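Let's take a walk along the place where two chains meet. Have the structure open and follow along.

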There are 2 protein chains.
Amino acid sequence: MKKSIVVVLLLISKVTYSQNLDYEKLSQEFGRKHLSTLKEYLSIPCDANYKADILKNYTWVENQFKQRGFTARTLPTLTLPVLLLEKKSRNVMAPTLMFYYHSDGQPVKNSEWFQEDPFKPVLKQKDANGDWKEIPYSSLEGKIDPEWRIFGRASSDDKGPGVMLLAALDAMEASKLSPNYNLKIVVDFEEEKGSVSLPSLIKQYKSDLKSDLLLIFDGPAHASNLPTITFGARGISTVTLTTYGPYLPLHSGHYGNYIPNPALRMAKLLADMKDDEGRVTIPGFYEGIKLDDATRLKISTVPDDLAALNTRMGIKIPDQVGQNYQESLIYPSLNIRGLKSGEVEKLAATIIPNTAIAEIDIRIVKQSNPDSLLSKLKKYIVSKGFYITTEDPSPEERAKHNLICKFNTRPAYGAFSTEMQSKNGLWLEKAISKTTNAQVVKLPTMGGSVPISPFVSELGVEAVIIPTVNSDNNQHSANENLRLGNYFDGIKTMIGLLSERY
Amino acid sequence: MKKSIVVVLLLISKVTYSQNLDYEKLSQEFGRKHLSTLKEYLSIPCDANYKADILKNYTWVENQFKQRGFTARTLPTLTLPVLLLEKKSRNVMAPTLMFYYHSDGQPVKNSEWFQEDPFKPVLKQKDANGDWKEIPYSSLEGKIDPEWRIFGRASSDDKGPGVMLLAALDAMEASKLSPNYNLKIVVDFEEEKGSVSLPSLIKQYKSDLKSDLLLIFDGPAHASNLPTITFGARGISTVTLTTYGPYLPLHSGHYGNYIPNPALRMAKLLADMKDDEGRVTIPGFYEGIKLDDATRLKISTVPDDLAALNTRMGIKIPDQVGQNYQESLIYPSLNIRGLKSGEVEKLAATIIPNTAIAEIDIRIVKQSNPDSLLSKLKKYIVSKGFYITTEDPSPEERAKHNLICKFNTRPAYGAFSTEMQSKNGLWLEKAISKTTNAQVVKLPTMGGSVPISPFVSELGVEAVIIPTVNSDNNQHSANENLRLGNYFDGIKTMIGLLSERY
């Protein structure tokens, strides 16, 4: 009896790791099938500021994976739940791989989108002037140009990869294949809000989340759109700073020259945080960062075209934090992501505003400690003469302190980084390179952030990002889009990962 | 025949300048009558960005004055028309006084108002905690507390004074009195947008606008709410500055440390425009300003309570442009009235914004030349390394210049100032002081601006402001209001002006 089981397992195994798949054909067939799935998924609003919308996403994702034989568990948190999907290998000794992606998108401002609604996805192609023009979605029933794009919030960040995974799973099923490993999928519903509950959740469900390798389906592929493996990501902290003028906005004529202006106070505070070349001047901000020869070597293989990048972005001289783009990602960054005082344009009134608000994000690298970066920022603000609060100042505080800055921060998470030459790194390169004749681009780190460091530190698992979407996807701003060429190639990559023997 | 006409005129004259009016009773009676007029007028939206709304205001004002025997003429401009109302004295030799007020209000942001709609005026009284609480408008039918206020856009700036004038005209009519002068009233419908067409209009209709004295019914009375005469006002220029980052907002993780941030560039540009004490550092900005002993003497009689002002506004140390509040108004000012880059709070995204916009207003005094102040600001920006444009930069300009600033300005108008001891000044003091037992506060200048300097320079007329509304009226911001005590006192003041022999 025991023997026969072993034989059966071996037979199953043989089928399982068949390498003779037509990746191109499978990705085309199942990609096409799932273009309607993509449209349906993108039509569900997914700003994590709105819980009712997120719950619709949750149910949708849960149903999709249940239909494909996954078990689904809700991992509740104090904010929004995390969805844990699982499908066990028939081999009880099988290793476990865990995939991560997120189903929420950045906030939207409808008026900035060149389409009716960011949650009504549309198909566009570039016209002769280089402008994106809408074409009927039904054009997808005919021959598909890989340069066409689907425009809609979360199309690239990060619902697109979710749909690629569904298509790849169906391609495996149709080929009568299944992975030789147990598969866990963690779906996050508040990544764009910083996944604040994830660290405590990982602690709580440590045994349920145990796995041998964590793959993150998020972030952009290299600008060349070649298959990309990214071995780390920066972490992130966000801070909101508020400076104060009078209690209420005041007529700027009647009080100008007498009542201090909070926007000027904020400008002075922000201006000195960085030098004219974009380097942070806050003491100790870059502490511990060393760019060694090995890293420089890795970077030198990345096929970046910086002149083209600068022209595409419309800038003459980039910030001089690193000597080139990839080097700049090795350092922590400090960015003013939003700034507001009073109103501009049509709503502008001739007033002295009562407050100025600056939204800051700090990208953290492995060598930096998030708490220490924040306390350095705080120390800098104090050194500029500000009294720091976490609430709007009381009349007593206003009477006592001339310069007041409210400092609000949200939980931060750190960076992570995995060795390119590790066993997992080599396996990934093999799994992906077999699906394509092209070079696989290996990047030491992504500039952006994914809330992965808590997994790495708590579970001791190695984590690697498999980014698939086009880098010019307008991620985080209006008119986010997914290039169809990347969509089909992404499915190919995922079939490669699901079918490669771990 | 000739003789009898003279006799009749003398008889009329005798009635006309009767000084035995019960100002208190008249202002109460006709003020009460016109509280419904005020409500009706404030219910007409009046942001000059919306022409259709303004035309409703125009028709309303025209009808009100026509009903009171005024002739009405439309003075068309390239923007919005000006309304010229006229009522001639029966004495063909009579001098002419011209009144000015405006019927438009500042833009509104409904969400910031503590009432349903800024254009649905409500009555409020302060509760025990010092918060304004709505009470039924019908409370005005009973005993009226002078501390109650009507909340609504333009209640103080500047429709309230318009209604006070209607009430005062009716009080005169009921007393069978009329002014001994020809009366012209200029109603402006785009004052809050800078009255850009007024200078050319004054040139064009010079003879129609000729008059012996111009009185401006606008701006706040002294904080003591004593009757106030203000002998000048600062002029104003507004400038919009735009700095540039990438063409479109970019993911701050993927591009942070490489793509320059426009908000940082703007912060650096603004930070150095003023020192830590709020003094403008742009070379030559205060050129020509001398604070002489005569002015210091005038200022010393103003009953300001600066400690109370600072506490009310919630500031510890005021800007140090002048040695006190009134002195600060003698200097030109530079104010950041609006600042925006990316989004803050719920809409904040983790991006590098593509632009930063700063709205600046410069208040001009008599000694400063508006054009010269603007060119000094421009020179300062160039000295900071910026290339200046008036349009968004082209790809070629972006490739050529690292720092780019769009500089857009609207037509400016200058300051004006009239001698306190002039014949007109003394007449005004007499006309107003007879209506009250209180001190008349005489201010050398108002900090705010009224587009009066073109009248003064083109027509050679002396201009004086008769401000009536409460200084804490939230002018230009949300929750603008008019204190009823000021409303009734303002009517009294206007009856004084209409009944005093010029």
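Gly338(A) sits opposite Gly342(B), a residue of S13(B). Keep in mind that this is a predicted model.

Now zoom out to the whole interface. Here 95 residues of chain A are in contact with 95 residues of chain B. Put together, the two chains bury about 8200 Å² between them, and 56% of that lies on carbon and sulfur atoms. Who gives up the most on the chain A side? His254(A), Asn257(A) and Tyr258(A) lose the most area to chain B, and together they make up 11% of what that side buries.

What about the polar side of things? The rule finds 54 residue pairs in polar contact across the interface of chain A and chain B, counting pairs with both residues at pLDDT 80 or more. Back on chain A, strand S13 turns up again: with 10 residues, it gives the most to the side that touches chain B. Sorted by class, that side of chain A has 43 nonpolar, 32 polar and 20 charged residues.

Charge pairing shows up across the interface too, where the rule finds four salt bridges between chain A and chain B.

Note on methods
Residues numbered from 1 in each chain as written. Chains lettered and ligands numbered in written order. Predicted model: local features only at pLDDT ≥ 70, side-chain atom pairs only at ≥ 80, totals over all residues. Heavy atoms only, no water. Contact = heavy atoms within 4.5 Å. Buried area = accessible area lost by both parts, 1.4 Å probe. Salt bridge = Lys/Arg side-chain N within 4 Å of Asp/Glu carboxyl O. Polar contact = N/O pair within 3.5 Å; in protein donor to acceptor, adjacent residues only side chain to side chain. Helix = DSSP H or I, 4+ residues; strand = E, 2+ residues; numbered from the N terminus. Nonpolar A, V, L, I, M, F, W, Y, C, P; charged D, E, K, R; others polar. Pairing = 2+ DSSP bridges.
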